[in-house]
Amino acid sequence: MTLGLGADSGDSRKELPGGGAGELPRGWARVTLGDLGVDVQPGFASGKHNRDGDGIVHLRPMNITRNGAIDLSDVRYVDDESDRRIEYGDVLFNNTNSPALVGKTAWVDSLEPVAYSNHMTRLRGPNALDGKFLAIQLHYLWASGYFKTVLNNHVNQASVSRKVLLDTEIMVPPLAEQRRIVVQVEQQINHIEAGEDALIEATRRASDLRSSIADTTISQHSNAPWERLQDLLSEPLRNGVSAKATTDGTGIRTLTLTAVTRNDFSSQFTKTTSADPNRIKNLWLEDQDIFVQRSNSAELVGTSAIYRGENNWAIYPDLLIRVRVDQTRVLPEYAALALRTNRIRFHFRQNARGLSGSMPKIDQAMIANVDFPVPSLRQQREAIEWVMRQEAAIAPLAASVGEAQTESTELRAALLNAAFSGSLVPQSPSDEPASALLDRIRAAREASHMRDSRKPRSAPSGQEELFQ
């Protein structure tokens, strides 16, 4: 979801869902996290960790997904005796990451207390604020691009400070309506995710079908001379450039891994920071360049695709390796077909290397040393023509998957827009308005300040008892 939220004219605060400075739904309020009395607690760094289960789970930014859920498929453990823990019902906010990822938020459903890194912030609100509702709204602000407008940018990462987080405004409906919104959002998200799972399976099947077509084609020429790719190159293999994506639309057009994964170079690109011209002068795309993913998930590492299009249209990133072949010996389309076969894909997956927990990688030598049968150029052309006819038959499937993925993104955006504009669930006249809850919070805080002036600062505030 990319639903940009701009700044209010003449106001340092940012426009928020629900109409910015416009009229609020009946019974709603707009208030900062600080005014709500939300408790904000950062985690701690740990240089020593393990994956053996020794100690306590220590959550990191990668443990919050882009869909706002806690993912425990890859967790680390630390030895720690402190009391910095998140518990069931807390909200976990990613305060430090790349600019595109700062602000991911999830509601915590762990029944056991767990630790969390200093790149994460634990939030606990008053009982007047439903924790799931808070987590969904903060994650929506991230998805809408709000946190990009309030970041502190550092050399290799960005962050949102504690003060900025507490100054963040959210929409607060009556508590009963918050809970109705949460129920409806969860139900609808479950339906959307079921559809997304089906899309993932359809994408996998389409990829397998393309590999099967490649297998059939290449195997028909198994009696032809076999050649190493290294001996068929017109120039050495070349990695792309490592560059940061820009957030303002400026920079150099750069391919994404998605272009190769989907075999779709029409719109899968980003803009990256301008690099040294000497570094990128040999990285511009040329028609019939082949690209291989040198790092990705175990399933996708080694995925390849051929670019057909305008020369000097874009550059490519460091996670791709470019292959240019001697076209007097092998046609680029035929070489790309060979790289898609299940035999070579399996070779890449089996031999990919990486540190524990990191993405598997292949290198130039691994790609250069693959071999495949190379028949005459005439036979290669005939094979390519046959493949094109087969792939034309499955093209509608790929197009349908792409359209469904776009629709899924739009459905998520529409759902959350409705949730925070007051149109997802009906308002009830019997709901206590949020203003009454906020009045009690303010009264409790004022009473707490008065008691603190007479008692040691460690005395309990007593705020929560108002909402038991």
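Start by selecting Ile290: in β18, its bridge partner is Ile306. You are looking at a predicted model, where local features need pLDDT of at least 70, side-chain atom pairs count only at pLDDT 80 or more, and totals for chains, interfaces and linings use all residues. Residues are numbered from 1 along each chain as its sequence is written, and side-chain values use heavy atoms, with hydrogens and water left out.

Helices (H or I, at least four residues) and strands (E, at least two) are DSSP runs, numbered from the N terminus. Two strands pair if DSSP finds at least two bridges between them.

Now look at the other partner of Ile290, which is Val323 in β19. Gln293 stands opposite Leu320 in β19. β17 and β18 also run antiparallel, joined by 3 bridges.

Which way do the residues of β17 point? Ile290 and Val292 go one way, Phe291 and Gln293 the other, and all are buried (under 20% relative accessible area; exposed is over 50%, partly exposed in between; 1.4 Å probe, protein chains only).

Zoom out to see the open sheet of 4 strands, in the order β14-β19-β17-β18, with antiparallel pairing. β14 (238-239) and β18 (304-306) stand at the edges with a single partner strand each, so one side of each has no neighbour in the sheet.

Select α7 (residues 342-351) and pick out its buried residues, Ile344, Arg345 and Phe348. Seen down the axis of α7, they fall within an arc of 100° (taken from the directions from the helix axis to the C-beta atoms), so they line one face of the helix. Their cover includes α6 (332-339), α8 (364-368) and β20 (371-373), with contact meaning heavy atoms within 4.5 Å.

Hop over to α6: 7 of its 8 residues are buried, so the rest of the structure largely encloses it. Among those buried are Pro332, Tyr334 and Leu337.

## Stop three: a pocket

Finish with the second largest pocket, lined by 22 residues, of which Asn67, Gly68, Ala69, Ile136 and Glu186 lie nearest its centre. The elements giving two or more residues to that lining are β7 (105-107), α1 (131-143), α3 (175-219) and α9 (377-419). A pocket, on a 1 Å grid over the protein atoms alone, is an open set of points where a 1.4 Å probe fits, with protein on both sides within 12 Å along at least five of seven lines; lining residues have an atom within 4 Å of a point.
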